Amino acid sequence: MNEEIVLNLQRLGFSKLEAEVYISLAQGKKMSGYAIAKTLNKTRPAVYNALDNLLEKGFVNFVRGKNGMEYVAVKPELLLSDISRTVTGAAAEAKKFFRELESKQHSPHFENIEGKSNLLATANRIIMSARKEIVITSSMSLEPLYASLKEAARRKVRIILFSWQNLDTLGLPIEFYSNFEGTDFCSEERLFLVADLRRCVIGSNDTSAFIPHKKITKKLPTGEKDFLGMTSTNRLVVNMVTEHIHFDIYLHKLKRKGRLIFTDDILLHSLMEQGI
């Protein structure tokens, strides 16, 4: 038997025995399972199992012969054309799937963060990845970030920080801007951080309690599970977080120049302002 043809049929999904059985039938003969087994010198159970598989795949058919029911091969030209269309279609679908999978793997992504320790661990990883610049808005202590910020400074990474609190910068070479004037306007522990305008992390222990014009009356819970956050490399999100930090600093500088005063007539009376 032509071993190359057997091998090619195996590449198209035949088992070795199925290929040998099909080739025997494809010579134009009607054959019983017994005759095929005798021709191939194979056991009858193995041949009948192969025939059942070929019948299920539509590669052979039953016909009535002199000695009862026999088998006949679907014409090779028709069979191979059908297999070719199936394989081509399957390959195209697989190619489309893996292209979309690769696209998702390389596309900007989001990752939710639960818990204060996870938030800070993510922030430390992002700080360690920075090569040029880190911009931060924080009302949280910098102590959990000290080691990674110190290492970033050693790498000559520029660090810009804004806060509504009078944060201790721990002796780090940070460009610090603070709107704290002796009255605490920030009821939440918040952290916004962007590295190299490529990746950001945001998180806090509340969703809408940041009210920079209204004195707070009580602090929010600060337990491990009270913190939620997100990290992203999506350029739109990264840009929005970066702009937010910049606008805080711009407003701070304008206020220092006497050009900005918060009065009731500029408020929107929105849910955020009400702390709802």
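**Reading helices and salt bridges**

Modeller: Let us start with E151, whose relative accessible area of 25% makes this residue partly exposed. Please keep in mind throughout that the model is predicted.

Biologist: Which side chain meets E151 in a salt bridge?

Modeller: The general idea is that side chains of opposite charge can pair when their charged atoms come close. Here the partner of E151 is R154, at 2.6 Å from N to O, and R154 counts as exposed at 56% relative accessibility.

Biologist: How many residues apart are R154 and E151 in helix α7?

Modeller: An α-helix has 3.6 residues a turn, so residues three or four places apart point the same way. In helix α7, which covers residues 146-154, R154 and E151 are 3 residues apart and hence separated by about one helical turn.

Biologist: Which parts of the chain does the salt bridge between K116 and E189 tie together?

Modeller: The side chains of K116 and E189 meet at 3.1 Å, N to O.

Biologist: Turning to helix α8, which of its residues are buried?

Modeller: A residue is called buried when its relative accessible area is under 20%. In α8 the buried residues are V237, V238, V241, T242, I245, D248, I249 and H252. Seen down the axis of α8, they fall within an arc of 140 degrees, so they line one face of the helix. The face turned away from this buried side carries the exposed residues R235, L236 and M240.

Biologist: How far does α8 reach, and what caps its N-terminal end?

Modeller: With 22 residues (235-256), α8 reaches 31 Å from its first C-alpha to its last, close to the 32 Å expected. The N-terminal cap is N234, which places a side-chain oxygen 2.9 Å from the backbone nitrogen of L236. Just after α8, G258 takes a positive phi of about 80 degrees.

Methods. Residues numbered from 1 in each chain as written. Predicted model: local features only at pLDDT ≥ 70, side-chain atom pairs only at ≥ 80, totals over all residues. Heavy atoms only, no water. Helix = DSSP H or I, 4+ residues; strand = E, 2+ residues; numbered from the N terminus. Expected span 1.5 Å × (residues − 1). Buried < 20%, exposed > 50% of the residue type's maximum accessible area, 1.4 Å probe, protein only. Arc of directions from axis to C-beta. Polar contact = N/O pair within 3.5 Å; in protein donor to acceptor, adjacent residues only side chain to side chain. Salt bridge = Lys/Arg side-chain N within 4 Å of Asp/Glu carboxyl O.
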